Amino acid sequence: MLTRIGMRRLLIIIGLLLGAVGCGPRAIRHLGLPTPLSLETLADKRVAFAHGYSAFQHGDRELALAVFSALAKTYPELEDYHLFFIGMLQERLGHADAAETAFRRLLREYPSSVKAVPVALELGTLLVHGGQLDQARPLLQRALAAPDAVTVQRARAALAEADE
């Protein structure tokens, strides 16, 4: 008998497998949704994005991950945002490798994105914690140029941690 969490994971895996074989999602089906979220039109995708963001804000990481993973395949206009949220969610779920993959892809494919500096900070911090200091430093130095003081402060703290 599958638990609710087990069922959620199974649905996420099935969705990822279907996407991998070219059967991109037309709707997002998830236990956290009363009805499937359609991904047919631009308006549908915008509604799905809002649901994903709301789930992210309210701590429903599994639902948010399912939404942003589906949107990454069907809504390329905001793929940098989808990759940002996927990376953040994977990191919070304890999946450092998956988070690193999403963050690196965002930096590689969208180097001018408004999410590039926040991702440089997140990836740099992740790499410091993983002991990959030489890879972390340039990312954290990039985050030092952020326009907001919080990002700069977090980058300084991560660089100090790297230097310990």
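The model is a predicted one, in which local features need pLDDT of at least 70 and side-chain atom pairs count only at pLDDT 80 or more, while totals for chains, interfaces and linings use all residues. Residues are numbered from 1 along each chain as its sequence is written, and side-chain values use heavy atoms, with hydrogens and water left out.

Phenylalanine 68 and phenylalanine 85 make a stacked aromatic pair, with 4.6 Å from centre to centre and 15° between the planes. Rings of Phe, Tyr and Trp (its six-membered ring) pair if their centres lie within 6.5 Å, and planes under 30 degrees apart are stacked, over 60 edge-to-face and the rest tilted. Phenylalanine 68 belongs to helix α3 (residues 61–74) and phenylalanine 85 to helix α4, so this pair ties together parts 17 residues apart in sequence. Helices here are DSSP runs (H or I, at least four residues), numbered from the N terminus. Both phenylalanine 68 and phenylalanine 85 are buried.

By the pairing rule, the count is six aromatic pairs. Another of them joins tyrosine 53 and phenylalanine 85: the centres are 5.7 Å apart and the planes are at 75°, so it is edge-to-face. Since tyrosine 53 sits in helix α2 (residues 42–57) and phenylalanine 85 in helix α4 (residues 79–92), the parts tied together are 32 residues apart in sequence. Tyrosine 53 is partly exposed, at 36% relative accessible area.

Phe49, Tyr53, Phe56, Phe68, Phe84 and Phe85 form one aromatic cluster.

How values were computed
Helix = DSSP H or I, 4+ residues; strand = E, 2+ residues; numbered from the N terminus. Buried < 20%, exposed > 50% of the residue type's maximum accessible area, 1.4 Å probe, protein only.
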